[in-house]
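Thanks for making time this morning.

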Amino acid sequence: MYSQERGVCPLKQILHQKEDNTLIFEARFESGNLQKVVKVNEFEYQLTLRTDLYTSRHTQWYYFQVSNTQAGMPYRFTIVNFTKRNSLYKHGLRPLLYSEADAKKHKVGWRRTGNEIKYYKNNAGQDGHQYFSLTWTFQFPHDRDTCYFAHCYPYTYSNLQEYLVAISKDPVKSKFCKSHILCHSLAGNSVYVLTITNPPKSGKGTKRKAVILTARVHPGETNSSWIVKGFLDYILGNSGKAQLLRDNFVFKVVPMLNPDGVIVGNHRCSLTGRDLNRKYRSNVKKFYPSIWYTRNMIKRVMGEHGVFLYCDIHGHNRKQNVFMYGCERKQQAKAPYMHPRVFPLLLSKSCPDKFSFPDCRFRVQKSKEGTGRVVMWKMGINNSYTLEASICGSKLGCRQSTHFDTKDLESIGQHFCDALLNYCVHNKEVRKAPPRPFLLPQFILL
């Protein structure tokens with residue numbers, strides 16, 4: 001039930017001689033992905049990634065363990081079966097390395113590594129797909145260390161469960177944050193939904209609109225989970241702003257839509273071999289339960305509270321910065337709080353060194369009509385968005401040409417809350433003000 005295809009207990013490679021310095025590779029653990037390794041010479045290895053289960057595609061996410069290391073030696077790794085023509089590895093992205101010895105001795109976690117990084121078309125291919133290679137050189141920091149490499153900062157299903165248990169045990173947070181099982185995945189894993197709002201004060205009405213966030217529909221986009229963590233840390237805090245947001249909204253958060261894909265180390269698909277972010281129009285509950293139940297939950301919330309904003313959080317593998325996709329009609333409502341460009345603009349003001357408003361797009365493409373953003377918009381949610389965060393980093397301000405780390409990603413979730421609060425205040429001020437024509441700044445209308 002829990003990733004049986006990957007094996008429950010990893011099998012350790014046996015070295016036949018004490019002086020054998022061959023690296024030992026392992027990926028049969030939660031969210032791991034590595035299919036095959038060929039030793040080319042003493043310090044060079046050729047790696048092949050596993051495609052998403054039950055597909056022949058989607059090689060992007062990698063996460064594997066390496067042991068029996070030699071410090072200071074010039075190793076080269078080459079992954080040979082990427083399928084995307086363009087990659088952020090061409091524009092400064094570096095692989096991530098985690099050393100157990102450094103973590104234990106120096107409290108150092110994941111860090112960027114690699115030199116002579118190249119991403120290029122190779123001479124291989126299969127089923128009409130051209131393959132591309134990623135190669136890099138590096139040196140391990142310690143002898144006989146156990147290290148890990150990953151495409152982005154891992155965030156597993158177990159990490160999520162530990163986080164939710166900590167909330168449930170917190171005597172304060174558990175009063176206004178309730179975790180429920182929305183449904184079960186094909187493999188029987190729980191899909192959780194959090195409901196966050198302050199208890200109503202006596203004598204006051206409880207009519208609060210909802211804000212709905214979802215994430216990890218694509219398992220390999222782990223940065224989306226770190227953004228959700230930052231959002232939850234903020235909204236569950238005891239600051240005056242968090243209190244105000246909980247007083248004004250009911251938050252519904254589905255932090256991991258595709259737990260099966262996360263567990264087995266897929267990049268994009270569920271165990272059906274399908275992209276769940278193209279299935280929001282489907283009525284097939286059996287094969288896409290998390291999508292079916294999320295859509296129905298949102299329909300119910302629309303009837304009970306109304307939905308102020310919906311956002312599905314993703315990671316982007318070919319663009320830098322953080323940006324949003326929205327939906328707009330040719331004739332938009334005149335009221336500013338109804339215009340879908342306002343919230344992304346406010347977020348860009350709150351997070352100017354990471355969030356790029358010029359990178360935002362608001363046209364609805366036909367190929368995206370099955371996505372959560374478009375389906376929720378057509379259901380009547382005007383502020384319906386996809387938030388995209390680069391796997392790499394920012395091109396803006398003082399953060400130009402730098403990588404995002406987990407604190408950066410968490411801060412995006414925090415800035416999301418600030419922008420929401422600013423939008424809420426602006427909304428109320430506009431409603432109180434006398435009617436007048438509203439014009440967005442000209443650059444917004446481009």
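Leu-97 stands opposite Phe-149 in strand 10, and I start there, in a model that is predicted, with local features needing pLDDT of at least 70, side-chain atom pairs counting only at pLDDT 80 or more, and totals for chains, interfaces and linings using all residues. Residues are numbered from 1 along each chain as its sequence is written, and side-chain values use heavy atoms, with hydrogens and water left out.

When I speak of helices (H or I, at least four residues) and strands (E, at least two), I mean DSSP runs, numbered from the N terminus. Strand 6, residues 96-99, runs antiparallel to strand 10 and is joined to it by four bridges, where two strands count as paired if DSSP finds at least two bridges between them. Strand 4, residues 63-67, also pairs with strand 10 in the antiparallel sense, over four bridges, and here Phe-149 is the bridge partner of Phe-64.

In a regular strand the side chains alternate between the two faces of the sheet. In strand 10 both faces are covered, since Cys-147 and Phe-149 on one side and Tyr-148 and Ala-150 on the other are all buried; buried means under 20% relative accessible area, exposed over 50%, and partly exposed in between, with a 1.4 Å probe and protein chains only.

Phe-149 also takes us to the rings, because rings of Phe, Tyr and Trp (its six-membered ring) pair if their centres lie within 6.5 Å, with planes under 30 degrees apart counted as stacked, over 60 as edge-to-face and the rest as tilted. One aromatic cluster includes Phe-149 together with, among others, Phe-64, Tyr-62, Trp-136 and Phe-138. By this rule the count comes to 41 aromatic pairs.

Why is the pair of Tyr-155 and Trp-226 called edge-to-face? The ring centres of Tyr-155 and Trp-226 are 5.2 Å apart and the planes are at 85 degrees, so the pair falls in that class. This pair links distant parts of the chain, 71 residues apart, with Tyr-155 in the loop between strand 10 (147-150) and helix 2 (157-169), and Trp-226 in helix 4 (residues 223-235). Tyr-155 is buried at a relative accessible area of 7%, and Trp-226 is buried too, at 14%.

The rings of Phe-231 and Phe-251 give another edge-to-face pair, because their centres are 5.8 Å apart and their planes at 65 degrees. Phe-231 lies in helix 4 and Phe-251 in strand 14 (residues 249-254), so the pair ties together parts 20 residues apart in sequence. Phe-231 is buried, with a relative accessible area of 1%, and for Phe-251, also buried, the value is 0%.

Grid points are joined across faces, edges and corners, and a volume is the space filled by probe spheres set on the points.

The second largest cavity, with a volume of about 50 Å³, brings back Tyr-155, which lines it along with residues including Leu-160, Val-228 and Pro-255. Helix 4 gives the largest share of this lining, four residues. The largest cavity holds about 90 Å³ of space, and of its 15 lining residues, Ser-185, Leu-186, Leu-276, Pro-289 and Ser-290 are the closest to its centre.

Finally, the largest pocket contains about 1,000 Å³ of space and is lined by 39 residues, with His-316, Arg-318, Tyr-325, Lys-368 and Glu-388 nearest its centre.

Note on methods. 1 Å grid on protein atoms, 1.4 Å probe; cavity = no way out; pocket = protein on both sides within 12 Å on 5 of 7 lines; lining within 4 Å.
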